[in-house]
Amino acid sequence: MPHIAIIGAGITGVTTAYELIKQGFSVTVFEKNLYPAMETSFANGGQLSACNAEVWNQKSTIVKGIKWMSQKNAPLLLNPSFNMHKYTWLVAFLNNIKNYEKNTIETVRLALDSRKHMFAIADQEGFDFNLKKKGILHFYHTAKDFEVAKNVNALLNRGGLERYGVTPEEIKAIEPTLTGDYFGGFFTPDDATGDIHKFTRGLATVCEKRGVKFCFGANVLKINPALDRVEILYNQQNPKHQIEQAAETSVFDGVVICGGVNSYHLGDQLGDKINIYPVKGYSITVNLKDERSVKNAPWVSLLDESAKIVTSRLGVDRFRVAGTAEFNGYNKDIRNDRIQPLIDWVNKNFDIATDSVVSWAGLRPMMPDMMPRVQRSKQARVFYNTGHGHLGFTLSAATAVMISHEIQRALVA
Ligand SMILES: Cc1cc2nc3c(=O)[nH]c(=O)nc-3n(C[C@H](O)[C@H](O)[C@H](O)COP(=O)(O)OP(=O)(O)OC[C@H]3O[C@@H](n4cnc5c(N)ncnc54)[C@H](O)[C@@H]3O)c2cc1C
């Protein structure tokens, strides 16, 4: 069977490795970090959320972005300084408003398919990643927001999702720890949550046992495709040795690019336009250290539509809260003025202590139509499984199966 290289050991790379090794391919994964899941798949919102499949391509997103430009704590921030990549991406985003309905429905279908695969992996492989199947509850603060949400819900239902409206009383019955006032909500009973980092690392261990080779600390510099092979030129970095190692080349039958936000640059080298822009987000992980906090933190996953905040309970003693979208290049600095609104939100909605909080920032690999790229390159033997934006945890289990079938068709059949 062919030997396939994968670039990137985030959720997309590791799920791809898993599918390919199951189908009998030889697989080598190149990852520039020393461990899997150290970039965007590190501390995300934790939701496996078909219910969050709505694409953002709406005029209202842009209007909000412009309105919030001067508010440092707004959920959506656009740095207006000129950058060609950012502005061509924004134009392409606007051009996809016409595909809003179609792409939302397609994303729901993909997410439902992915849910099946994800639960099957959890059952078959049995490692712990704090999987919790307790549903996801969206809540809304105003009649206006709730009205808009009804239209979105109709679209999600058309994609096959079971999701229904709930009253303020029902919200409190579904998640009794909530202490705020809410106008109404929608509940998706079959969505779930888990720890993406634990999942990716757990699955990487399974892959290794099945024969996948991982090259950590290996920064891929160049991909040289040919009709009968692909050469991967990489630098093996070892932080213990200060001396720069000479670049090495390995030869494969094919390569899958799963490089998160860097897939844009890798694609560029190959003449493929994989127009991923890094959309920055933040999370906090609240350590639940006392009995009161353990008792008063929610188990049902939440999505506060106006604050654009998602939550997940990761085991007894951790509560993850994530949100915000920033168009500000590749910068991963953790800004206090973006973290504080997440902490304030926890204090407003729950009776739990926020004296022990771990902050994180990551870059969503976002395509302008918000649809992942699961496809062949213009170049022979090169494939992409990337660009999963705000839904990489939710969609990867399905796109890994899709790309492995594509590789079968191209290199084996
Ligand atoms: C704040 C926030 C909250 C989120 N919440 C959710 C959520 O609740 N649910 C959900 O489904 N999704 C969520 N997401 C999105 C999800 O986390 C991402 O879509 C997903 O992690 C992307 O995975 P990836 O494999 O594409 O990228 P990554 O995890 O970034 O992996 C790419 C890997 O490729 C490696 N790489 C790149 N270039 C090279 C090279 N040249 N050589 C070697 N290695 C290379 C990188 O080092 C990296 O490890 C959230 C994202 C953020 C930022």
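Reader: Is Phe30 buried or exposed?

Author: Buried means under 20% relative accessible area, exposed means over 50%, and partly exposed lies in between (1.4 Å probe, protein chains only). Phe30 counts as buried because its relative accessibility is 2%. Bear in mind that this is a predicted model, where local features need pLDDT of at least 70 and side-chain atom pairs count only at pLDDT 80 or more, while totals for chains, interfaces and linings use all residues. Residues are numbered from 1 along each chain as its sequence is written, and side-chain values use heavy atoms, with hydrogens and water left out.

Reader: Where is the place of Phe30?

Author: Helices (H or I, at least four residues) and strands (E, at least two) are DSSP runs, numbered from the N terminus. Phe30 sits in strand E2, which covers 26–31.

Reader: What lies in the loop between E2 and E3?

Author: Ala37 is one of the residues there. Ala37 is not a glycine, yet its phi is positive, about 60°. With a relative accessibility of 2%, Ala37 counts as buried. Met38 is also found in this loop. Met38 is partly exposed, because its relative accessible area is 32%.

Reader: Which residue has a positive phi of about 70°?

Author: Thr324, which is not a glycine. Find Thr324 in strand E17, residues 318–327. Thr324 counts as buried, at 9% relative accessibility.

Reader: How many salt bridges does a search of the whole structure find?

Author: A salt bridge is a side-chain nitrogen of Lys or Arg within 4 Å of a carboxyl oxygen of Asp or Glu. The search finds 20. Start with Glu19 and Lys22, whose side chains meet at 3.8 Å, N to O. Both lie in helix H1, 3 residues apart, about one turn of the helix. Glu19 is buried, with 8% relative accessible area. Lys22 is partly exposed, at 40%.

Reader: What does the pair of Asp195 and Arg318 tie together?

Author: The closest N and O atoms of this salt bridge are 2.8 Å apart. Asp195 is in the loop between strand E8 (192–193) and H7, and Arg318 is in strand E17, so the pair ties together parts that are 123 residues apart in sequence. Both residues are buried.

Reader: Which residues do salt bridges that share partners join into one network?

Author: Take one link before the whole. Arg335 pairs with Asp337, with 3.0 Å between the closest N and O atoms. Arg335 is partly exposed, at 26% relative accessibility, and Asp337 is partly exposed too, at 25%. Shared partners join Glu326, Arg335, Asp337 and Arg338 into one network.

Reader: At roughly what angle do the axes of H1 and H7 cross?

Author: Two packed helices are described by the angle between their axes and the distance between the axes. Axes are lines fitted to C-alpha atoms, for helices over the stretch in contact, and angles run from 0 to 180 degrees between N-to-C directions. H1 (residues 11–22) and H7 (residues 196–210) cross at roughly 30°, and their axes come within 9 Å. That makes H1 roughly parallel to H7: angles under 35 degrees count as roughly parallel, over 145 as roughly antiparallel, 65 to 115 as roughly perpendicular and the rest as oblique. The crossing is left-handed; that term applies if the near helix is turned anticlockwise from the far one by less than a right angle, and right-handed applies if clockwise.

Reader: At what angle do H1 and H11 pack?

Author: The angle is about 40°, and the axes are 8 Å apart. That makes H1 oblique to H11. H11 spans residues 392–411. H1 passes H11 in a right-handed crossing.
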